[in-house]
Structure formats: C-alpha cells, structure tokens
Amino acid sequence: MDFQGQHILSIEQFDREAVEQVITLAEQMTPYLNRQKRSTVLDGAILASLFFEPSTRTRVSFSSAFNLLGGKVMETVGMGASSLTKGESLYDTAQVISGYADAIAMRHPEAFSVSEFASGATVPVLNGGDGANEHPTQALLDTFTIFDELKRVGKNTKNIRIALVGDLKNGRTVHSLSRILSLFPNVEFTFVAPNALSMPEKILSVCDNAGHRMNMTQDLSTGLQNQDLVYMTRVQEERFNTQEEADLYRGKYRLTQKIYEQYCATNTIIMHPLPRDSRPEANELSDDMNRNPNLAIFRQSNNGVKVRMALFALVLGVEKQLKQHESDVNWYSNKTK
C-alpha cells in the first residue's frame, strides 16, 4: 500500500502487509514516546484536529503524535464550535480546512461522515471514529497491542484466541478490530453479548469468509475460558434512542479480579478501548483489576500514540527521514523503556 497522500478511513483499505508496515514503523516510534529522543521531521506542518463528538484519548493522542514529530496542532472541539451549525456542508468544510492544514484528524457522530468529508479534502484525512461504523486507527493500535502483549507473556502469535465482550452491535472498535484480525491466519473469535447487542452480520461474514472459527455466547464465564485475550467494551449509551434502553444492558458483563482468577487462563491479556465506565451501575472492568500485570489497557492507550505517529509519517511521506531530524531530549523526563 502506498500511504503517501492517502486518507485513512477504513480497515477495508488495508491488507496484511500494510498492517504489518504500520506496526513495524510504530515500534520505531518508541524512543520518541518514551522521551529518549525527539524528532522534528514534521517541523512546520499543521494538523487540523476536528472532533465533533466527545473524545479524550483519541483526540489527545492524535495531537500528541503530531507534536512529538515536531508538528503543530489546531483544534476544533464540538459541533457547536464549527460552521456546520450554520448549515455548511462537510464538503465545504473540508475544502476550507484543507487550505489551512497539512493533515486532518476527524471524529463525527454519524456513520460514513468522515468519508463524506474526505471527498472534499485535498490533504490526508484520518478517521478518528464515525458513529457506530469504524475506528480504523483504534483497530491498528489494538492489533499492535495484541502482538506486543502476546510476545510479552511468551504466547504464540500464530494462533490467537480472543473474546470480544459487551456492546458488539454499536461498538465501532470491535467492528474494526474483527476486520483487521481477519487478515491474519488462525484466529478464533468468541463473541460475548446479549442477543440484542450481538455482532452485526456483516462483520461475522468477514470473519467467516476469512475461514476463522467463531463462537457466540451470552454467558461471560463461558466466553472467558481458554482465551489468550479478552477485549472488554462499555455499553455505547450514546447510540441508544433513550437512556432507559441503554440501562437495560449496563452492568450486564463485569470483569473483576475474582472472576478473572476463576475463569481466565494463565496470563490472559485484558484489553479495553477506554473509557471504561467505572460508575457502580456499569463498572464493566473493575478497579480491582488495576494491579493485575495482564491488564494492558494503559499500555494499549500509549500504543495509540506510536501507531498514530507512524500513520502521520506514512501519509506525509517522511517515514524514512525520522533519524535525520532526531536529537536528544533536553528536558527532565522519568519515562522509561
């Protein structure tokens, strides 16, 4: 895949070789994330960060990734802060912002809206999540984390058993992750969800057509057993028509340290795209898991910066120039390898 100048809108753009290219380059970003070195390869470049739906990790990690490569970021947060509220089309907005920036990171609450925006953009657009549709950069960082964590605990990366738990109907992260893992051989998926929140048929078809084994269950204890990884998700309450409807499912699946010890195999990796809902009525991933060394959620979040740095380097064509613009960090940092 030739990344230079391209939009990153969907996992459907990627083949296995392209995914591996991103993962390999992301690993090279570790010294910059850890503040052991710095690179100013994007000095003078501007990122427009357009987040029309609430976000913390994705928005900040996109900005951090661009900053860590020497670029500058300008932000628009919330629909009310943009001219979209005045009736401006996504196409017109894209044309205008393209004149101000060298790349655009965007999140929007409506499915396929980022693709519509990109049709009017003349600079690379990176999809930071479009409604319940996709979250391609999350899937790439999740894949990076999966291989990294399996290697950390000495597990085989050639055969992967993964359980995806929770709101699989509305969770764009699990849609994109299922698509990307289907590019690799020997993956066994276990989908744990209430019938009303089960994985959409189109995603199941992708996994099935790739020849992967699939198991479906509503029972958490069954789904947790014999897994290499468990990917927990929250109920996407913002996708429901009413809060009352969402509340029917909040708290249905909760993973605690006691449940982990009872049902999970040794060194089962626990992932979550964050934010986890820690309110008592939800609490899908209990705080008592925080001391479990196999809770990978914060390493997973940090990996998002590395992966997004890699994507910016690739779409702006500077992936081979990183070392030329590298220097030592001259401020105090207690970050470690």
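# Salt bridges, burial and packing

Q: With which residue does glutamate 149 form a salt bridge?
A: In this predicted model, a salt bridge is a side-chain nitrogen of Lys or Arg within 4 Å of a carboxyl oxygen of Asp or Glu. Glutamate 149 has such a pairing, with its closest N and O atoms 2.9 Å apart, and both partners lie in helix H6 (residues 136-152), 3 residues apart, which is about one turn of the helix. Helices here are DSSP runs of H or I with at least four residues and strands are E runs with at least two, both numbered from the N terminus. The partner is arginine 152.

Q: At what pLDDT do side-chain atom pairs count in this model?
A: Residues are numbered from 1 along each chain as its sequence is written, and side-chain values use heavy atoms, with hydrogens and water left out. Totals for chains, interfaces and linings use all residues, whereas local features need pLDDT of at least 70 and side-chain atom pairs count only at pLDDT 80 or more.

Q: Is glutamate 149 buried or exposed?
A: Burial is judged by relative accessible area with a 1.4 Å probe and protein chains only, where buried means under 20%, exposed over 50% and partly exposed in between. Arginine 152 has a value of 40% and is partly exposed. Glutamate 149 has a relative accessibility of 1%, so this residue counts as buried.

Q: How many salt bridges does the count come to?
A: Side chains of opposite charge can pair when their charged atoms come close. By the distance rule given above, the count comes to 16.

Q: What radius of gyration does the protein chain have?
A: The protein chain has 12 helices and 11 strands. Its radius of gyration, taken over C-alpha atoms, is judged against a globule rule of 2.2 Å times the number of residues to the power 0.38. For 337 residues that rule gives 20 Å and the chain comes close to it, so it is as compact as a globular protein of that length, with a radius of gyration of 20 Å.

Q: What share of contacts in the protein chain with a separation of 6 or more is between residues 24 or more positions apart?
A: Contact means heavy atoms within 4.5 Å. Histidine 135, for example, touches residues including Thr58, Arg172 and Arg308, and it is buried at 2% relative accessibility. For the protein chain, the share of such contacts between residues 24 or more positions apart is 76%.

Q: Which residues form a nonpolar patch on the surface, with about 270 Å² of accessible area together?
A: Patches are made of residues with over 30% relative accessible area and no salt bridge, like charges being joined within 9 Å and nonpolar side chains (Val, Leu, Ile, Met, Phe, Trp, Tyr) within 5 Å. Accessible areas come from the Shrake-Rupley method with a 1.4 Å probe, and for residues only the protein chains shown count as cover. One member lies in strand E3 (residues 72-77) and is partly exposed at 32%. The patch consists of Met74, Val96 and Tyr100.

Note on methods: Lists of a residue's contacts leave out its neighbours within four places in sequence.
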